[in-house]
Amino acid sequence: MQYPVQKLLISALFASVLAACGTTPTTDSAAPVEDRNVGSGTSGAATSGSTTGNVAGTATGSQANRLRDPNSILSKRSVYFDFDSYAVKDDYKPLIDAHARYLQGDKGGRMTIQGNTDERGSREYNIALGQRRADAVKKMMMLLGATDSQIETVSFGKEKPRNAGHDEGAWTENRRDDFVYRGE
Amino acid sequence: MIRSLSRAPWVLALLCWLIAGLARAQLTIEIVGGGATTIPIAIVPFASDAYPLSTTAVVSADLARSGLFKVVDAGGVVPRPSRAEEVRYGDWTSRGADAVVVGSMTPQPDGRIEVRFALLDTVKQGQLAAFTYVVPPTQLRATAHRIADAIYEKLTGDVGVFSTRIAYIAKQGPRYELLVAEADGFNPQSIVSSNEPLLSPVWSPDGTRIAYVSLENKKPVVYVQTLSSGGRQVVANFRGSNSAPAWSPDSSRLAVTLTKDGGSQLYLINADGSGVQRLTSSAGIDTEANFAADGRSILFTSDRGGSPQIYRLTVGSGAIERMTYDGSYNVSPRNLPDGRGFVFVRRDGGRFNIALQDFATRQVQVLTQGSLDESPSVAPNGKLIIYASETGGRGILAAVSSDGRVKQRLTAAASDVREPAWGPLLK
């Protein structure tokens, strides 16, 4: 039984209408970074406080720059996992430690850890698996000085693959956590 | 005179409706396997059925697609009967037809059309069903589906689902779209679209709303959208991920998976987003809830035992029982409407297939043979399961009968289709 197949046009129109009522990514101002200077009375911030010998105003900028500086470990934002695993490999501990310390030094700093999986298996179960990968890294960061309120863990499951391929190489790239700081 | 005058407006209306229909991506259905026994039936073109989308053709296509009927050629019988009393049974028994359908379509002065049909048993030589509908031209396809439902019900004893709708997600380039179409794939309507992934659509049992998950807010958030108004509401947007919505049978509440308290756990929430109540407390993953038709129990996926398996939660007592033992990956459970068992996805080697398990015997029947079959959704009569599959790297939808015999494939040009959800019966 074959029915004719037609192309869509109306849906494109619909799409543009819906895009209008769709998402505005939550852009945050520099407010959280200012919080850091205000709240620097806490003992945890004292250690990193010694590094901020600069003028308070430029400290804000240098903090943000450290996240973007390609020579800084903080510019690295991904942790990769083995198949069916959420165990954090030793190779990534320095990276996780650096981000944990960054958050410890910037109490107003907020990060989202986005968990991802490869394309195999149920979409919803993969959302849960990605969540567990994000949670595993968050737990480690909390042991290394970040606080619960600083990190939100979410999962994209298999919905947003970095590599669209269907082989082991693609899957390896897609089993991953990404770190995204607020305002980025 | 009156006839020719009255014809103009509805011809115009019909054209407009047709053009609107043609403008959208359409699913193409192909039958890839048939039932073991088929009922031979002759469908005589209805008198005056000269409409662009022939009502008779829609009825024939519906019945043939079910895999339970063999449509016998009705050509060459002169004069062509259009009423029960005009049928000469010998004409049809000689062609091997056990049943014959006749009918007529008569334009009314107000622009509507009177559609009459009768279903006759050629063996017992008697009338099995007869209906008359007076409908606007825009309702002709819906009427054809109703006729097919009536025939299906009379001859198989099961409720027909030709009048129901399906929802699914189409991905075209970077664009995701939630669509609702007739059960035969016709007239897809866009419900919502986004540049970020959409997944897990589920119909409210009353057919008025669809719950789904969208990543447009850079995290999974559960929405409920009302079909009549297009208005939508955030139902679950807690800290962390919010996903896997499942409606309670009375359409008042949803079971969802939230991570707000750590880990993926099941919660119950009112359809307006109020009144969150935790359902499970495990150290593992609990997700993919699905209510039994009586609302008394919920099937879900959990890895509390080490691998993802299907469990059943009794809503009143909170008792939890493991349902699947065979294999190391059994997920996505969906209750059958008769309470007899459930369908789910099982991994065997590297393949993912749809299977059915009986509650009483615990016997498992694997229904599909693809390599990446997922997201099953059961038709409201329990006889067909629609699911997502893949061919040549592209997402397609497929359907299989609950006995595994009848198979259909639904594809859409130039887009990936996935996440099918079968809508409820029309009230």
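Let's start with a pair of residues: Trp247(B) stands opposite Leu254(B) in β15(B). This is a predicted model, so local features need pLDDT of at least 70 and side-chain atom pairs count only at pLDDT 80 or more, while totals for chains, interfaces and linings use all residues. Residues are numbered from 1 along each chain as its sequence is written, with chains lettered from A and ligands numbered from 1 in the order in which they are written.

**The sheet**
- β14(B) pairs with β15 (residues 253-258) of chain B in the antiparallel sense over four bridges; strands are DSSP runs (E, at least two residues), numbered from the N terminus, and two of them pair if DSSP finds at least two bridges between them.
- Both belong to an open sheet of four strands in chain B, ordered β14-β15-β16-β17 with antiparallel pairing.
- β14 (242-247) and β17 (277-278) of chain B stand at the edges with a single partner strand each, so one side of each lacks a neighbour in the sheet.

**The domains**
- Chain B is assigned domain 1 (2-16 + 38-156) and domain 2 (165-422), with bounds from an automatic or database domain assignment.
- The centres of these two domains of chain B, taken over C-alpha atoms, are 36 Å apart.
- Six residues of domain 1 of chain B are in contact with six of domain 2 of chain B (C-beta atoms, placed from the backbone, within 7 Å).

**Around Val100(B)**
- Leaving out residues up to four places away in sequence, Val100(B) touches Ala42(B), Val44(B), Val87(B), Trp92(B), Leu120(B) and Thr122(B).

Note on methods: Two residues are in contact if their C-beta atoms, placed from the backbone, lie within 7 Å.
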